[in-house]
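Here is a briefing on a protein model. Have the sequence and coordinates open as you read.

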Amino acid sequence: MTRRNDPIEALIALMARLPGLGPRSARRVVLYLIRKRAQVLRPLAEAMMAVSESARECLNCGNVGTSDICEICEDTRRANGILCVVEEVSDLWAMERAGVFKGRYHVLGGTLSALEGVGPEDLRIPGLINRLETEEITEVILALNATIDGQTTAHYIADQLPGQVTVTTLAQGVPIGGELDYLDDGTISAALNARKTF
Amino acid sequence: MHLTSLSLSHFRSHKRVRLNVDPRPVAIFGANGAGKTNLIEAVSLFSPGRGLRRASAADMARRPEALGWKIAGSVQSADGAHEIAFTSEAGAARQVKIDDKAASQVALGKLCRVVWLIPAMDRLWIEGAEGRRRFLDRAVLSFFPDHAQAVLDYEKAMRERNRLLKEQVRDAHWYTALETQMARAGALIHANRVATVARLSEAQKATETRFPVASLELTQTEGAIPETEKDLREAFAESRFRDIAAGRTLVGPHRADLYGVFSAKGVPASDCSTGEQKALLISLILANARALAQDLGAPPIVLLDEVAAHLDARRRAALYDEICALGAQAWMTGTGPELFAELGDRAQRIEVCEEGLESLVVQGTNTH
């Protein structure tokens, strides 16, 4: 079945490299696309071509968009002085899905890790410090992962922010719709420590 | 807690073993190299970590086949009976299953407590601090299963910091960020150790024992130990310059040491006779087991490898009496059955012998 230079095989091989897909599911996807050539395959190919030509990182915040400055950074209504720092674009998108945050973002593109050779200059930390002044930021929300690397990065950034900027982090505790019985001990104790008046 | 059954498959020298045991101590005897310690190593894996030899899963496979191995056992703990199984396929890390469900090491640690004394600890008081730290941390882990996470967090942040030191990075903010993390985990590690030393001391004094009491103290090679998160943060910051020169972190809980004194004589454990040093360790293991029994409502499993051989008949009888009083399922090894004579029918007996390249386990029937 594996013939060299077969475009279908080549497509399956590429599909199998996508996150969440393996060779088996790649074959299924490709077969589906071939069957739905007009409805899905062609529009998909065109959409991919369009994205491959226009997708770029926002020069300001690191979000992925189709122009040099992303929509969020362009939107003057979001210049409310609050900046949310996240590790990856996927984190930004997660925050946006919630639709609650009305400020702007700053995507670091990873976390500090000496062992993996990621230093401050590899993350958008100098850019972040710049933005504080140019965008008159009054609060920085450190929405980084609760891992050692995430927290190290959070401390690193907090340590360099000028005193007049309020630094906050996301709360840790019981997820909405969550049952206590399923929580690990660390989360329960964090939730208990951060309890609030009912 | 105690095991009610234990089965091994292709584990070390044992091709296939199936034992049914009762809550009494287990006396295991057989010639050198027969596979006695392998048997209790299997039991040691019922507590989190790499077992009493600190071996990798690949090393535990039976030679020469080097297939995967499996250990399974039924455990009777304070909250009921559980089936626990460990498997390792073709040298891969071992997988834990509790009642047929994949489980974490922390979950295992909350369910099972196993403490042990092995001949490698004979030089504990005279060797480097690392062994004593490990001995202490095993005791800590038996009281505080979450200690493992604090140690992992601390070591992760320290490895990061050590890399900065080696590469002579001068970014003070980066150091501060890592040191903040190290201080948080480090303070917890220290507090757990202090609490454990207190528990051990208390438990030694609370019971009439014929073993010498060891008074314990946490120390470090130089200066006062930074105890709180703030102390630790300051100590790391202060030490940076020296640490860069050394290329590693020179202060913190990873440098702590356990100082033991033979209380009645006021002599440091390191200056005691070989026999006395052993007796002090036995005293600590028994204290650990007694304190756990108090906390959990049931004594832990105790593993004593080649302990009987080092004790005279009087001390041996005392040890057996104390184990029986504690009610612990103590798995003990020795070369011959006569070493366990003083136990009478208070223990069950297992003989291990070597046949070809295989260990053969014979369960005694004369004790029921």
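Predicted model: local features only at pLDDT ≥ 70, side-chain atom pairs only at ≥ 80, totals over all residues.

Residues are numbered from 1 along each chain as its sequence is written, chains are lettered from A and ligands numbered from 1 in the order in which they are written, and side-chain values use heavy atoms, with hydrogens and water left out.

**Domains**

- Chain A has domain 1 (7–54) and domain 2 (64–197); domain bounds come from an automatic or database domain assignment.
- The centres of these two domains of chain A, taken over C-alpha atoms, are 34 Å apart.
- Chain B splits into domain 1 (1–113 + 300–368) and domain 2 (120–296).
- In chain B the centres of domain 1 and domain 2, taken over C-alpha atoms, are separated by 28 Å.
- Across the two domains of chain B, 22 residues of domain 1 are in contact with 22 residues of domain 2. Contact means heavy atoms within 4.5 Å.

**Nonpolar cores**

- A nonpolar core is a set of buried Ala, Val, Leu, Ile, Met, Phe, Trp, Tyr and Cys residues joined through side-chain atoms within 4.5 Å. Buried means under 20% relative accessible area, exposed over 50%, and partly exposed in between, with a 1.4 Å probe and protein chains only.
- The largest nonpolar core holds 92 residues, and B:Ile71, B:Leu319 and B:Trp331 touch the most other members.
- Helix α7 (residues 274–296) of chain B gives the most to this core, with 12 residues. Helices (H or I, at least four residues) and strands (E, at least two) are DSSP runs, numbered from the N terminus.
- Why does this core lie between domain 1 and domain 2 of chain B? Both domains give residues to this core, so it lies between them.
- Leaving aside neighbours within four places in sequence, B:Leu319 is in contact with B:Phe211, B:Ile282, B:Leu286, B:Leu304, B:Val307 and B:Leu311.
- A second, separate core has 26 residues, including A:Leu128, A:Val140, B:Trp174 and B:Leu178.

**Helices of chain B**

- Helix α4 (residues 147–166) of chain B has 20 residues and reaches 28 Å from its first C-alpha to its last, close to the 28 Å expected at 1.5 Å a residue. The expected span is 1.5 Å times one less than the number of residues.
- Buried residues of α4(B) include B:His147, B:Tyr154, B:Met158, B:Arg161 and B:Leu165.
- The buried residues of α4(B) pack against α7 of chain A, together with α3 (129–143), α5 (172–206) and α6 (229–246) of chain B.
- Just after α4(B), B:Gln168 takes a positive phi of about 55°.
- Helix α3(B) has 15 residues and reaches 21 Å from its first C-alpha to its last, close to the 21 Å expected at 1.5 Å a residue.
- Among the buried residues of α3(B) are B:Arg132, B:Phe135, B:Asp137 and B:Phe143.
- The buried residues of α3(B) pack against β8 (114–117), α4, α5, β9 (214–220), β10 (256–262) and α7 of chain B.

**Strands of chain A**

- Strand β3 (residues 82–86) and strand β5 (residues 139–142) of chain A run parallel, joined by four bridges. Two strands pair if DSSP finds at least two bridges between them.
- A:Ile82 stands opposite A:Glu139 in β5(A), and A:Cys84 stands opposite A:Ile141 in β5(A).
- Strand β3(A) also pairs with strand β4 (residues 104–107) of chain A, in the parallel sense over four bridges. Here A:Cys84 stands opposite A:Tyr105.
- Four of the five residues of β3(A) are buried.
- Four bridges join β5(A) to strand β6 (residues 166–169) of chain A, and these run parallel. A:Glu139 stands opposite A:Thr166 in β6(A).
- β3(A), helix α5 (residues 89–98) of chain A and β4(A) make a right-handed β-α-β unit. A crossover is right-handed if, with the strands pointing away from the viewer, the path from the first strand over the helix to the second runs clockwise.
- β5(A), helix α7 (residues 148–160) of chain A and β6(A) make a right-handed β-α-β unit.

- A:Gly186 is in helix α8 (residues 185–193) of chain A. At 44% relative accessibility, A:Gly186 counts as partly exposed.
- A:Ser67 is in the loop between β2 (64–65) and α4 (71–74) of chain A. A:Ser67 counts as partly exposed, at 34% relative accessibility.
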